[in-house]
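Please read them with the structure open.

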Amino acid sequence: MTGLLCGFIGAALFFLAGTTYDRIRLVYLDEMGGIAIPMPKIFTMFSSFSMASLALPGMSGFVAELIVFFGLITSQKYLLMTKALITFVMAIGMILTPIYLLSMLRQMFYGYKIFNISNSYFSDSGPRELFLLISIFLPILGIGMYPDFL
């Protein structure tokens, strides 16, 4: 079930990475920068799905992590030392994920441009892409607000 909850987020982030590459033709974060102004819709959706991936309360990533933590704590299968070790590894992941995602957003959307690329040919999301992203985002919010639905 947690795979389903996080699958929407991962699919949306991969879709956004592909659409961003399709528009700016750059792969490395060092080359990107300052694309929040010419592409505000992509920036908004990228930020929203990144916050969902960070397990922000009210989104399905939070519910997925909560289910995993409660399942680990209440399980009779593992010893206390094993539970502590798994919790420690999960805590490290919960610390590294925001560092990675927030630095990626900062570099990509607010960073300095290394290459002198004109922003005039950057195009933002069209109606089809926005429809697809919103239709992925609504279940993320719905499951986060009311997880008993599943």
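1. A residue counts as buried when its relative accessible area is under 20%. The model is predicted. Phenylalanine 109, at 1% relative accessibility, therefore counts as buried, and phenylalanine 46, with a relative accessible area of 5%, is buried too.

2. These two rings form an edge-to-face pair, because their centres are 5.7 Å apart and their planes stand at 65°, where over 60 degrees is the cut-off for that class. The pair joins distant parts of the chain: phenylalanine 46 sits in helix α2 and phenylalanine 109 in helix α4, 63 residues apart. Phe43 and Tyr110 belong to one aromatic cluster with Phe46 and Phe109.

3. Beyond its neighbours within four places in sequence, phenylalanine 46 is in contact with Leu13, Leu16, Ala17, Thr20, Met104, Leu105, Met108 and Phe109.

4. The largest nonpolar core has 28 residues, and Phe46, Phe49 and Phe109 have the most contacts inside it. Two or more residues each come from α1 (2-24), α2 (40-53), α4 and α5 (127-145). Helix α2 gives the largest share, 6 residues.

5. Helix α4 covers residues 80-110 and reaches 44 Å from first to last C-alpha, close to the 45 Å expected. Its buried residues are Lys83, Leu101, Met104, Leu105, Met108 and Phe109.

6. The unreviewed UniProt entry annotates residues 42-73, 85-110 and 130-149 as "transmembrane region". In the model, residues 85-110 are 100% helix, with end C-alpha atoms 37 Å apart. Residues 42-73 are 81% helix and 0% strand, and their end C-alpha atoms lie 38 Å apart.

Technical notes: Residues numbered from 1 in each chain as written. Predicted model: local features only at pLDDT ≥ 70, side-chain atom pairs only at ≥ 80, totals over all residues. Heavy atoms only, no water. Helix = DSSP H or I, 4+ residues; strand = E, 2+ residues; numbered from the N terminus. Expected span 1.5 Å × (residues − 1). Buried < 20%, exposed > 50% of the residue type's maximum accessible area, 1.4 Å probe, protein only. UniProt positions renumbered as here; feature names shortened; annotations may be inferred. Core = buried A, V, L, I, M, F, W, Y, C linked by side-chain atoms within 4.5 Å. Contact = heavy atoms within 4.5 Å. Phe/Tyr/Trp six-rings, centres within 6.5 Å; stacked < 30°, edge-to-face > 60°.
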